Amino acid sequence: MRTLAALLLASTLAAQSVEIYSQGPLVTNPGAGGGGLDLSGLQVNPTTPFFMNTLGFGASQTNSATTRFTVCDDFATNGTWIIDAIELFTYQTGILTPSISQVFVEIYAADPSTGGLPVAGSPGLANNLFTTAGYTVTNTVTNIYRASLATPTNTTRPLQSVRIQLPSLLVLDPAVTGTSRYWIEYTFGSTVSTSGPWVPPVSILGSPNTGDGAYQSTFTVATSVKTWAPLQDTGNPVQAVPYKQAAPFKLYGPQTSLPGAITNLGGNSGPVSLAVRGAPQVGGVIHAQLTGTNPLAIPLLWIGFSDPNVPFVVCSGVQHATLDQLDALITTKNIQVPMIPAAVGSTLFMQGGQADFFGGAPGTCNLGIGFTLDITDGFRIRLY
């Protein structure tokens, strides 16, 4: 009955199909790519503090007669999600026009690397959806280039979108599937090049880690053996702890819950600024960076579970995050959001600032006995 009710709701909202989930972001530098388009930048030294090395991960069924590759990542839901379309991203080096002729997708109710089975209605990795009856696949070139930050205007890797319209609604109902955590596995084929297809990882400026729990699989044709390995950038030179990467995709359907978002709530009182960016989903990474701090002051970052929305009487600042977790003496912070399905739909708040106890960098909020403070805008982080 619950699934039937969901289907009836979906039928009434079919015309309102929207993006309900985005495993991203892909863009690190808006407008900084070739021709003024967006850039999905690989963060390399000396441009950044990171020694990253992987522009994309192999996800091809056609460029080798001996091996085939897929990528796979997890996502979580809160309640019943109804999907009518899936969008994937890829590129082929040197190919500047739409070039994908095959796409294969499977959605699982448990980790496929340990034997998890597909959900009912999943498209199936055996089916090329370009030629499978009922599916409509649209392959277009996006306005995003994948390139190293050392050569940001390189235009040899325009990202392609492969959007799949499903012939019938795919219902992810935890009462039926027994879970609120799912895995999506996908791969591509092309007849125009032996380069790739490649999948660009989710990319967050300032953070070499962008997720957790993603895989790349390798299928050896001669033995019919499929092996799994974590989706990682090992760096150049190789890093002692590889950077965990996430695989990008989007889901579409009738809106049944609020999407993930990072929202600036305002409230700053001085020269210190806070940038918050990243992947607002369970399993994702949030990156925060303070700028404009005085070297004689103590930088502060804090996370709260609620927004007091309380103005400071002594200045124009507004507190937008309770002090549930306070970090001093740091200006950047990467938050790995744990993969807890129950956290989908929850909200966090973040704010920063600088404190002066000794009069060397007096702030705009005078709290008395020689203690002054500047605070940044506050941010609301709503999780997928």
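Mentor: Begin with strands. Two strands pair if DSSP finds at least two bridges between them. Keep in mind that this is a predicted model.

Trainee: Which residue in β8 is the bridge partner of Phe89?

Mentor: Ser161 is the partner of Phe89. That bridge belongs to the pairing of β5 (residues 81-90) with β8 (residues 158-172). Nine bridges join these two strands, and they run antiparallel.

Trainee: What is the strand order in the open sheet of six strands?

Mentor: Read the order as β1-β15-β5-β8-β7-β2, with mixed pairing. At the edges are β1 (18-23) and β2 (38-42), and each pairs on one side only. From one strand to the next, the twist averages 35°.

Trainee: What about a residue in a loop? Where does Ser122 lie, and which residues does Ser122 touch?

Mentor: Ser122 is in the loop between β6 and β7 (136-148). Its relative accessible area is 14%, so Ser122 is buried. Leaving out residues up to four places away in sequence, Ser122 touches Val105, Glu106, Ile107 and Leu170. A polar atom of the Ser122 side chain lies 2.8 Å from the backbone nitrogen of Ile107.

Trainee: Now rings. How many aromatic pairs does the count come to?

Mentor: Rings pair if their centres lie within 6.5 Å. By this rule there are eleven aromatic pairs. One of them is Tyr21 with Phe75, a tilted pair at 5.7 Å centre to centre, with 45° between the planes. Tyr21 is in β1 and Phe75 in β4, 54 residues apart, and the pair links these distant parts of the chain. Tyr21 is buried at 1% relative accessible area, and Phe75 is buried at 0%.

Trainee: Which residues do ring pairs link into a cluster?

Mentor: The cluster holds Tyr21, Phe75, Trp81, Tyr182, Phe249 and Tyr384.

Trainee: Last one. Which residue lies over the face of Tyr252?

Mentor: Arg163 does, at 3.7 Å from the ring centre.

Terms used. Residues numbered from 1 in each chain as written. Predicted model: local features only at pLDDT ≥ 70, side-chain atom pairs only at ≥ 80, totals over all residues. Heavy atoms only, no water. Helix = DSSP H or I, 4+ residues; strand = E, 2+ residues; numbered from the N terminus. Axes fitted to C-alpha atoms, helices over the stretch in contact; angles between N-to-C directions. Buried < 20%, exposed > 50% of the residue type's maximum accessible area, 1.4 Å probe, protein only. Polar contact = N/O pair within 3.5 Å; in protein donor to acceptor, adjacent residues only side chain to side chain. Contact = heavy atoms within 4.5 Å. Phe/Tyr/Trp six-rings, centres within 6.5 Å; stacked < 30°, edge-to-face > 60°. Lys NZ or Arg CZ within 6 Å of the ring centre and 35° of its normal.
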